[in-house]
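Here is a short note for a colleague who is opening this structure for the first time. Please read the points with the model in view.

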Amino acid sequence: MSAIQNCDKPAPSGNTCGADEADGNCIPKVKSEKELAKEKKRLEKLEKFKAKQEKIEAQKQQKKKSTNDEEKKKEERKIVTYDIDTPPGEKKDTKCSMPDSYNPAYVETAWYEWWVKSGFFKPEYAGEDFRDPSREKFVIVIPPPNVTGSLHLGHALTEAVQDAIVRWHRMKGKVVLWNPGCDHAGIATQVVVEKKLWKERKLTRHDLGREEFVNEVWKWKEEKGDRIYHQLKKVGGSYDWDRACFTMDPKLSRAVLEAFVRLHEQGLIYRSVRLVNWSCTLRSAISDIEVDKKELTGRTLLSVPGYQEKVEFGVLVFFAYKLEDSEEEVVVATTRIETMLGDTAVAVHPDDERYKHLHGKFLRHPFVDRRMPVVCDDFVDKNFGTGAVKITPAHDVNDYEVGVRHNLPFINIMTDDGNISDECGQFAGMKRFEARKAVLEALKAKGLYRETKDNPMVVPMCSRSKDVIEPLLKPQWYVDVKDMSAKAVEAVESGELKIIPDMHVKIWNNWLENPKDWCISRQLWWGHRVPAYFVTINDSSVPPGKDTDGEYWISGRTEDEARQKAAKKFNIPEDKISLRQDPDVLDTWFSSGLFPFSIFGWPEQTPDLETFYPGTLLETGHDILFFWVARMVMLGQTLMGKLPFREVYLHAMVRDAHGRKMSKSLGNVIDPLDVINGISLEDLHKRLFDGNLDEKEVQKAMEGQKEDYPKGIPECGTDALRFALVAYTQGRDINLDVLRVQGYRFFCNKLWNATKFAVNGLGENFIPIPTAELSGKEREMDMWILSRLSFAVEQSNKGFETYDFPTATTAVYNFWLYELCDWYLEYLKPILYGSDEDAKTVCRNVLYTCLDTGLRLIHPFMPFVSEELFQRLPRRTNNEPPSICVMPYPEVKQYPWRNIELESDVEFVQNVVKSIRSVRSDYNLTPKMKADVYLKCLDEETASVLRTHPDLIKALSSADDVHILVKEIPPKGCAVQTVSAKCETHLMLKGLIDIGKEIQKLEGKKEKLGGQVTKLREAATTADYHTKVPEHVRQQNAEKLNELTIEIEKLARAIETLAKI
């Protein structure tokens, strides 16, 4: 049987067989030439398509492989850990080989525990004579963070700045003490424990009683209170942990007790009934710093604790009071209509003609039996509103002053928990904001309501409970600060106390020249209980006192002492006296104000108090200049007779990259540990549910996080975070883009790679000369890098001395990155790999000096990586300190090598190299593509500078050869770029690249970029671009458009140049 007869394959047409099936044989159909050509073409297309598909699949696999490889590499980078068994507190093993790249987790392991155990952070490390008054000391106390707290970027900034200062002073050889501590945070801690009790046991503090509740707080403190210390250690703070203090410790509590009694005995603490910021949720007065001011532009519904429905704010309600015995009315307006229940007068301006006939007349209150006089007072703005102002002396700060001036009744309409009091008739017992609605309806029913208008206003909110603050009249304890404030102002004016930056002096004076007495009592259970006792006398000859009468309150260190003092004051036997201790506690700021001397054991005259008080510096944020700094100054001067410190440095406040205040509802509050360790976007979102945000706020915050951190926050490490924070410390605010911190992580990698290269270049047997000095054989580039090092030393010291930290960080950053890494190390490579042993010896010693000094310069900012790298360098002598922490900081006099003329010459050479590199980049030349370089100089003087560095220019610009020309003309076929008025670079391209191909490539790139420009311009011209597109996105688009335009211009010039070759 023939092959044709046994055809069992499909015919090209796709049929099983091309034969007539009737005869049962499979005979192929004979095709025409046209059909065969068509079939051939179809098969070719099919093959091309198949090849294309295979290519796409191969690319996919390659991309997948590359992605997997990249992920694998990333994973490998992530899991580089220090695995050598090192007991806590023992020195880290640095004899092992360095990992290929910098890894924060690897670097930061083990060092901190070793520093602490070795005692480097203790003043005693400075020597047995550390208490000697002749020894120069540097003493600073931590602004004690709340025991409930966890670090935020503001804390991290404070610690980064303080620790940099502290480490610098320690390296300068001073006796240094940085005393850590923690604040008991009365309100915050009580709220945390109350929430915990309710969540776990459905109990309130009142169910437990005071003593048991306080015990619960102490239990919580012992379990959770050290969290903030662990975080402070993670950020690298060089505190003396053996001296750590808690404001409720017996030592500090003793100081609080003593301070109150002394000040009360001197008449500087007294009891008075005044308006306070009252939180109905906390049932306590709170300080001004605990009040958030929520700005409203008009009618707004706000959530208030204890209310299911939102409450209306931002409106002005107008209503009328009728004149007594007349139907004539006076219309007044208020943003808090419920407070009209406490109105006791209406005020008008004495010169307002509209109301002169009403002077001395009375108005009727519509809901209670009360006559209200029309009083004349200059405080009324007759052009605002109706020119008549309702006066509620017990519930408004301005009205209080009017009430005092006109001897008006002060009627409190609210209970401590915010309910309307029994004296308010039909509204008694209502919650205050329910009464708001009820009073409005009642006014309408009586025909007294006139209108409601939108009204921009500020609503005071409790930062702890999120409740709306009520000004309430309460008996409280106050400190008379008039004389104290005057002395604090005088201290700054005389120069005895220096405030840095001095722009804050004006604020200091504004606060302290017109001070209000300080309310120091809080209606809480957690805190230092007020050591004052109300005296009840069992003797009819002595009239009974009132709780509001300060004469019947006696302070005492103990109840027995108070009883003795009371008996003496009232001339009554002790057995006739009963005492009741005030249940209130003292404001947390009171104990914090004593911190600079209470931590050293005052009132006892301890060795530490004698040695370390007064301190040197107080460093903190400018937001607590009055609340904490001024009070420390006032209490220090009053109780110690000395200022607590000589200088106050106030750092900027941290805001986000868009300049917004850090706010949980915006999703921009970042835990510094998340920047140090890295965190995914998903886990950032999860953090939002730990707070008290409502559903809408959570959604808004998640959107903010997604926009700012679409891939989460990369692991940056402690050193990068610290450096970034300190580098930005200037002015009033820091707009910190957290992702820019990653740039400093890359900088750490530069330090790592440079040191690794240098260690290899130095060689295993290298021993540096005992002191950093010249051999006389140094070349120009050696002297140049030593000149730049001298400048970095000068600028770093200057920055620390003047608290101009960006000057210091910029100097050390530029030295490492732009001078040592970019230039000197590149210059060294041919020498280190060459055969000139004398040259190697010289440059190795110069390199060692740069590394050793550079690490010591950067250590205050980057303690971990500097220690890790320092320990991998050989030492000059055997008796050097064991840690970079206690190495001497480089002094200007030790580095006398500054040579500005040489720096100018080398800068010119660097500009030449940059010019050549720029041209190479424009024409996409790879490092392997060596090109001849012609440097056309205007005169011999310029040429002579370049002739000293041809090898450097050649090495750093991938040149085949360098020709320095003065009178000669460079050959044709070169791309030209101007370096200066006296020099041009000519890079030979002819014969090196395919001109036509290169022009085509550049044209394609130019066209592609042109398309992007068109899209951006079209987007910017849409009608709603400025209203719908966020400002920062518009700014990014404008910057991108500018960059693209410049790039297109460069491409056009490059194409023009190529066309001429």
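1. A contact means heavy atoms within 4.5 Å. Among contacts in the chain between residues at least 6 apart in sequence, 76% join residues at least 24 apart.

2. On sources: this is a predicted model, where local features need pLDDT of at least 70, side-chain atom pairs count only at pLDDT 80 or more, and totals for chains, interfaces and linings use all residues. Residues are numbered from 1 along each chain as its sequence is written, and side-chain values use heavy atoms, with hydrogens and water left out.

3. The chain has 33 helices and 33 strands. Both are DSSP runs numbered from the N terminus: helices are H or I with at least four residues, strands are E with at least two. The radius of gyration, taken over C-alpha atoms, is 39 Å, well over the 31 Å that the globule rule gives for 1061 residues, so the chain is more spread out than a compact globule. That rule is 2.2 Å times the number of residues to the power 0.38.

4. Along the principal axes, the C-alpha atoms fill a box of roughly 135 × 100 × 70 Å. Of the 1061 residues, 50% count as buried (under 20% relative accessible area, 1.4 Å probe, protein chains only).

5. Strands pair if DSSP finds at least two bridges between them.

6. Strand 18 (residues 470-479) is joined to strand 20 by 2 bridges. Y478 has C519 of strand 20 as its bridge partner.
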